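Dear colleague,

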Amino acid sequence: MPYLNNDFRLMKSIITTLCLLAVSVTTATAADPPQKIALLVGISDYFHKNMEDLSFAENDVEMVGKELKQLGFDANVVTGKEATRERVENALDELLSKAAKMESDGIVFLMFSGHGQQLKARGPSGQGEESPFFCPRDAIPFDDRYHSLRNKTTEDLAEEFNLVSLNRVITQLDQRSNSQQNLLVVDACRNNPAKGKSTGITGRTALNPPLGMSVLFAAKSGQKSWESSDSKVQNGVMSHYLLKGLRGEARNRRGQMTWLRLVTYVREEVQFDQGRLAGGSDRAQSPHAISNNYGAIVLGESVFRGLEPANLVQDPFNLSQSTRIEADKKYVIQFWPKIDQQTKEDLESYRYDLINKLTAEQQTRCLILFEDTSENVKELLDSEFSIISEESIGSTMKEIAFGADPESLVANAYFRREAGDQSPHVFEFTSYGSETFGGKISDYRFRHAMDAAQKDIEKRTGWIGKPAPSFNVTHWHTDGRGAFEHRTDYRDGEITVVEIWATWCVPCISVMPGLAKLQRKHRDDGVRIISVSNEEPEDIEAFLDRPIVLPEGDENAGKTFREVYSDFSVVGDTTSDTWDHFMDDMGISAFPHAVIVDRAGNVAWMGHSSYLEETLSDVINGDFDKQAFDKLLLNNAVNESLTGCLEYIKSDEMFEDWLAVAHAYINEINAIDTKFDLSNRLNESSSSWVATFEEIAPLR
């Protein structure tokens, strides 16, 4: 594999593929949740001049759609210009095609929000029957001055007035959906579409829906559904309470969101509202629910399936009561054996991973369950780790939820473990149906170490020869005694050294006199050195006025730091943007850290400030080999990052996976023997791999 100096994408693709292969999960399999699909249609702005526009119908379905997606639904929302009769019918047909392929425990959710009409159509018996219709954007309101309903079928009326027949929707769901859990929500007839000429959908029909069908109308017979008059609540009254229920208000004690609990909650809240949101008691409404279903329809499980609040001893994120998957979060549940001294020691060894990797950026919600009683879990959290004595385990790991699963009821909902297997297990997901890991915690730690290694390598390489990141200055403290302009741009023909330092960093202070010498030496070569701290200006000023403690005879003895550092630019950036760009973005955690930006504004070199002198001269003279340094930088990053993964290797298989990843990078670097014989010393940069491997060899 040839070395690609300027294209890191191929290497990234290789490492990503290999990391996906690195952990084979064979010990645990989670049951797939039911398939859930939804179609939501909302119209606020109608074509016909006699159709009164609404305010919040589109907002209703958009917000409900987001909540359903949080509950794991594949939700299609149709609003605005897209909500014509033809397009709504097409969306319905697409939904029904998916529903035909679902399992019987799948869930189909339909919602219509907008205007509705209740017209008398000729039924199968030949008699007139009240039939509810939903009004798409291009609907035509019925006006008895110009139209007659005599002998017209539901299909005739739908065609003539561009309507969607809700009876036909129910019939189609019965005939085409393989699901036995079909749900229809109708928040229509808020205002009469033809300015008082139509009574809208009353909810008197569909009294005997087919098996597997449930319907929730916004109002009972003779009522309308209203929009909120409160500017802070930009929803229909029923939709407002529907949203509150979906967000958790209607969940049961297991943290589940069921259809029955949701409907009950909505009906009670709307009725008890007594028209308050709509603007008066004369605008009260009572939702009408009709159901022909068996059992509980679970719209959303607790984030962690089978978990009850009683299980939790520490729950910082209220996980036991949450049914909503936050889109930008990962969820991790871990199952540990009964609590004994070994369990406590294992947890302590894993503390760093939990605190620093899983929760450092608040991107992971983690729950640890022990196969033990709540009392024993609480006792564990109140105790102390052997190394940390100032805080309890619970306080030390306050961003982690802890609980008890004495009968392994929750664990069995996620794993099928081999008999007698008492090793800690992990299950990780980002949304229902999106499992990202399921297996032993040792494999999980190895995978995380490999992922972290990949990120570290990617961050720390690929910079050489590329445009330098921007830097920021909020305070200038020294500037070469006025020789350097107070600017933060890179100019053609100029070499800029950006160095990261701090007043409390001893290595930083020790190298800065050398920076002053370099600046004096190369000032006429178009070089400017800028040392950036993220500290407050008064702290930097106080430091600069301190005397340097040096032995007599040193050229800087008796001087203050300001006098010594005045030959170059010492600056502050209280926004920390410079530190973010030159430290975090480059995968650097130790400083002083320096970056040389060449005359073209590209990164030429990066490393410890003490190695600047020889390198800077080569850059100035045009003798610096960027390609060779880029290769060395990558080699060092791979060595440091992958060495850290070796401690997690517990089997031949895991070592072979690690070795495959190492091979991919080594071949890319093209710097060491491709045979990679671990029995011999490879080269200076890779010897630590061998040493570490020999230490862990007995574990294999």
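**The cysteine pair**

C505 and C508 are both buried, where buried means under 20% relative accessible area, exposed over 50% and partly exposed in between, with a 1.4 Å probe and protein chains only. Please note that this is a predicted model: local features need pLDDT of at least 70, side-chain atom pairs count only at pLDDT 80 or more, and totals for chains, interfaces and linings use all residues. Residues are numbered from 1 along each chain as its sequence is written, and side-chain values use heavy atoms, with hydrogens and water left out.

C505 and C508 are joined by a disulfide, with their sulfur atoms 2.4 Å apart; the criterion for a disulfide is a pair of cysteine sulfur atoms within 2.5 Å. The structure holds one disulfide. The link of C505 and C508 is right-handed, with 75 degrees about the S-S bond. Two further cysteines may be mentioned here: C135 counts as buried because its relative accessibility is 0%, and C366 counts as buried because its relative accessibility is also 0%.

**The protein as a whole**

The protein has 21 helices and 23 strands; these are DSSP runs numbered from the N terminus, helices being H or I of at least four residues and strands E of at least two. Of its 700 residues, 53% count as buried. Among contacts with a separation of 6 or more, 73% are between residues 24 or more positions apart, a contact being heavy atoms within 4.5 Å. The protein exposes about 31600 Å², of which carbon and sulfur atoms supply 45%; accessible areas come from the Shrake-Rupley method with a 1.4 Å probe, and for residues only the protein chains shown count as cover.

An open sheet of six strands has the order β18-β21-β20-β19-β22-β23, with mixed pairing; two strands pair if DSSP finds at least two bridges between them. At its edges are β18 (475-479) and β23 (603-608), each of which pairs on one side only. From one strand to the next the twist averages 20 degrees. β18 and β21 (residues 569-572) run antiparallel and are joined by four bridges, and H475 stands opposite G572 in β21.

Helix α14 (residues 506-522) lies across β19 (495-500), β20 (527-533), β21 and β23, and runs at about 155 degrees to β20. Axes are lines fitted to C-alpha atoms, for helices over the stretch in contact, and angles run from 0 to 180 degrees between N-to-C directions.

In helix α18 (residues 612-621), the buried residues are L612, T615, L616, S617, V619 and I620. Their cover includes α14 together with β19, β20, β22 (593-597) and β23.

**Aromatic rings**

There are 17 aromatic pairs, counted where rings of Phe, Tyr and Trp (its six-membered ring) have centres within 6.5 Å; planes under 30 degrees apart count as stacked, over 60 as edge-to-face and the rest as tilted. The pair of F561 and Y565 is tilted, because the ring planes stand at 50 degrees, with the centres 5.7 Å apart. Both residues lie in helix α16 (residues 561-565), four residues apart, about one turn of the helix. F561 counts as buried because its relative accessibility is 6%, and Y565 is buried with a relative accessible area of 0%. Ring pairs link F561 and Y565 with W501, F543 and F568 into a cluster.

Yours sincerely
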